[in-house]
Amino acid sequence: MSEAEDNRADALIDYNDAIDYWTSIPATVDGVLGGYGEGTSVPKADVVGSSTFLRKLKARMTPEKGQIKYSVDIGAGIGRVTRDMLHKFSDKVDLVEPVKPFVEQIHQELKPLKDEGKLGEIYDIGMQEFIPEEGKYWLVWCQWCVGHLPDKEFIEFLIRCKNGLQPNGTIVVKENNAQGDDVFDETDSSVTRSNANFQKLFKKAGLKLIATELQRGLPKELFAVRMYALKPE
């Protein structure tokens with residue numbers, strides 16, 4: 001590793017440390033949202049922001065004839081995003097989540113969706129291991145998780161997701177934004193990227209940004225949160 005690479009925030013990421021941290025966290029909304037659970041404005045504001053963003057994109061996300069709206073929830077936690085938002089836009093949803101207690105909770109949280117036939121596969125693996133089936137997904141939704149991937153692995157992950165898209169499929173990344181340089185958090189071994197670095201990495205993965213928007217209604221002490229809608233170049 002060169003000195004320049006060694007000085008990057010993402011060079012400090014340790015995947016095993018991240019898994020250890022999240023395994024120690026309660027499998028609840030409050031746990032996965034770092035203490036900003038149901039007693040705060042965050043869960044509702046998050047769902048409203050995501051739903052509004054997807055509704056604005058509707059005309060640019062029309063599936064081709066014969067394709068169903070099959071989505072995948074990356075870094076799904078306990079299934080909150082799928083339960084509260086993603087299933088309302090999708091015909092079926094897969095989930096990707098490596099933390100075992102969270103996966104166990106997914107089965108409980110999403111039992112009603114399973115009974116409705118809207119729940120697809122639950123992959124209990126990390127993003128870096130996930131290889132989407134080619135041409136399967138109408139929407140790949142990545143929220144508050146890609147900070148656990150170093151830049152190189154993040155680009156490789158995005159390329160795999162791009163290959164997993166249906167014609168006219170879309171990738172949405174919803175993540176915290178650092179104001180200046182990328183910031184490493186040793187608590188959960190993750191990096192918070194700047195808006196500029198996100199856009200640079202999207203380009204390296206061969207993705208074009210078709211829309212972006214800041215999440216509104218979050219407490220001022222938190223990082224800004226931005227949504228990015230991406231399609232293959």
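Me: Is Met127 buried or exposed?
Reply: The model is predicted, and the values here are computed from it. Met127 has a relative accessible area of 9%. Buried means under 20%, so Met127 counts as buried.

Me: In which loop does Met127 lie, and which residues is Met127 in contact with beyond its neighbours within four places in sequence?
Reply: Met127 lies in the loop between β3 (119–123) and β4 (137–143). Leaving aside the neighbours within four places in sequence, the contacts of Met127 are Ile74, Cys145, Val146, His148, Leu149, Phe157 and Arg160.

Me: Is Gln128 buried or partly exposed?
Reply: Gln128 also has its place in the loop between β3 and β4. Its relative accessible area is 29%.

Me: With which side chain does the side chain of Gln128 make a polar contact?
Reply: Not counting residues up to four places away in sequence, Gln128 touches Tyr15, Leu149 and Arg160. The polar contact, at 3.4 Å, joins the side chain of Gln128 to that of Tyr15.

Me: Which element gives the largest share of the lining of the largest pocket?
Reply: The largest pocket has a volume of about 1,100 Å³. Of the 48 residues that line the pocket, the closest to its centre are Trp22, Val32, Trp144, Asn176 and Asp188. Elements that give two or more residues to the lining are α2 (15–23), β1 (70–74), α5 (80–89), β5 (165–177), β6 (183–185) and β7 (190–192). The largest share, five residues, comes from α2.

Me: How many nonpolar residues does the lining of the largest pocket have?
Reply: Sorted by class, the lining has 11 polar and eight charged residues. The nonpolar residues number 29.

Me: Is Tyr36 buried or partly exposed?
Reply: Tyr36 is found in the loop between α3 (29–32) and α4 (42–56). Leaving aside neighbours within four places in sequence, Tyr36 is in contact with Asp30, Val42, Pro43, Pro219, Glu221 and Leu222. Its relative accessible area is 22%. Buried would need a value under 20%, so Tyr36 is partly exposed.

Definitions and conventions: Residues numbered from 1 in each chain as written. Predicted model: local features only at pLDDT ≥ 70, side-chain atom pairs only at ≥ 80, totals over all residues. Heavy atoms only, no water. 1 Å grid on protein atoms, 1.4 Å probe; cavity = no way out; pocket = protein on both sides within 12 Å on 5 of 7 lines; lining within 4 Å. Points joined across faces, edges and corners; volume = space filled by probe spheres on them. Helix = DSSP H or I, 4+ residues; strand = E, 2+ residues; numbered from the N terminus. Nonpolar A, V, L, I, M, F, W, Y, C, P; charged D, E, K, R; others polar. Buried < 20%, exposed > 50% of the residue type's maximum accessible area, 1.4 Å probe, protein only. Contact = heavy atoms within 4.5 Å. Polar contact = N/O pair within 3.5 Å; in protein donor to acceptor, adjacent residues only side chain to side chain.
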